[in-house]
Amino acid sequence: MTQTAVEALELPGADLEELGPDFYRDPYPVYARLREQGPVVQVRFGPTPVWLVVGYAEGRSALADPRLVKDQGRIARAAAALMGVEALPEPEEQTFGERVLTSHLLSMDPPDHGRLRGLVGKAFTNRKVQARRARVNEVVAELFDAVAGKPEIELLADVAYPLPITVLCELLGVPVGDQAEFTRLANALNFEPPERMREIAGELADLVLTWVELRRREPGDNLLSELVRAHDVDGILSLEELVSMVFQIQSAGFGPTSHLISNGVRALMVHPDQLALLRADRSLIPAAVDEFARFDTTVHLAMLSVAAEPVELGGVLIAENDFVVVATGAGNRDPKYRANPDVLDIRASTAAHLGFGHGIHHCLGTALGKVQAEAVVAALLDRYETVELAVPAGELTHKVFPARLLDALPLRVG
């Protein structure tokens, strides 16, 4: 769940189970236990009571339900209602950088969501993405060439992080040389203390504004030039929306793709029978990538929603102003959706899995992320006769964060 102001409130529900660090390190045992109580259960994230949707059918339904909204103003009003007050204390006025980081597609409802998604969606069509496949393969080859001859590689640092950063820079038309600073600041947003958020948000916004000015002076055949034109010429995009869109594409585009790759390869390493299947038949790679997303869903918690009116879901009545989070990772492991869900099986159906979301907030960059993951898996198989974990699987650790982020993935190759 993305951090919001409501997580800092003192709200009712102290008797509910709180999901803490152990849950974030490995949520799947918790999901299995909660699912025994029902497909929709009430828990706490911090002090905030939330209806957590752990069933597949219920999760898919909730993700497409227009009564569950993400508007931050509505969420703040719901928090006030939950506390029994007319309104929350007036927050300090947000800076431009703070507004940019909170006013993004994932926290929007129609009609603004559709308007903004439509401006960038054409860059992520399957046709456009397939046209980039050859370039993706080139970047992957360059990254593996850089570690050629090494008996051990660290897949995240050597390949899975730099690959999507390079691909997205080229798609947007922003300087690759700025990406180390962008990545540092984006990571700081997630892991630095809250009191530094205003400073970091300002630095990020300033960096993106330099890219906007670059493409204003030197337009090209890239997405950022199109967005600048939508602001400067067509007047259908505010500067705040433009900067927010660029930030979201860069930050949401590289992290989930990096960890789709790393979580998928880790899963292959502990399921050697599935690795052998891929070695025998490369045509299984696209299906394997979808199975990676199902089996170990990187963004396993959808963004916080609030019920705009009473909603009946999974046998419970969610009251108006109640908070809801869909656990997509739990839905993907629901035995009612898939037999033997806790086993990686690249030949089993992944139809309509929730690994990339569902509904209007379905991941915009799904096709591009999958193409990158396919290229990395193919390169690992083509370049190395053996690929195995360089440390015991039990020593691999995930960050304490509401997404499945490995700290590192060291591989022994040869």
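Hi everyone. A quick definition before we start: the expected span of a helix is 1.5 Å times one less than its number of residues. Keep in mind that we're looking at a predicted model.

With 12 residues, α4 reaches 17 Å from its first C-alpha to its last, close to the expected 16 Å.

Which residues of α4 are buried? They are Ile75, Ala78, Ala79 and Ala80. The cover over these buried residues includes two strands, β5 (305-307) and β8 (323-326).

So let's move over to β8. Phe323 and Val325 point one way from the strand, Val324 and Val326 point the other way, and all of them are buried.

Now, how do the neighbours of β8 pair with it? Strand β2, residues 48-53, runs parallel to β8, with 3 bridges. β5 pairs with β8 in the antiparallel sense, over 2 bridges.

One last stop, in helix α14, residues 239-269, where we find Ala252. Is Ala252 buried or partly exposed? Its relative accessibility is 35%, so Ala252 counts as partly exposed. Compared with Val53, Ala252 is 199 residues away in sequence and 23 Å away in space, C-alpha to C-alpha.

Methods
Residues numbered from 1 in each chain as written. Predicted model: local features only at pLDDT ≥ 70, side-chain atom pairs only at ≥ 80, totals over all residues. Heavy atoms only, no water. Helix = DSSP H or I, 4+ residues; strand = E, 2+ residues; numbered from the N terminus. Buried < 20%, exposed > 50% of the residue type's maximum accessible area, 1.4 Å probe, protein only. Contact = heavy atoms within 4.5 Å. Pairing = 2+ DSSP bridges.
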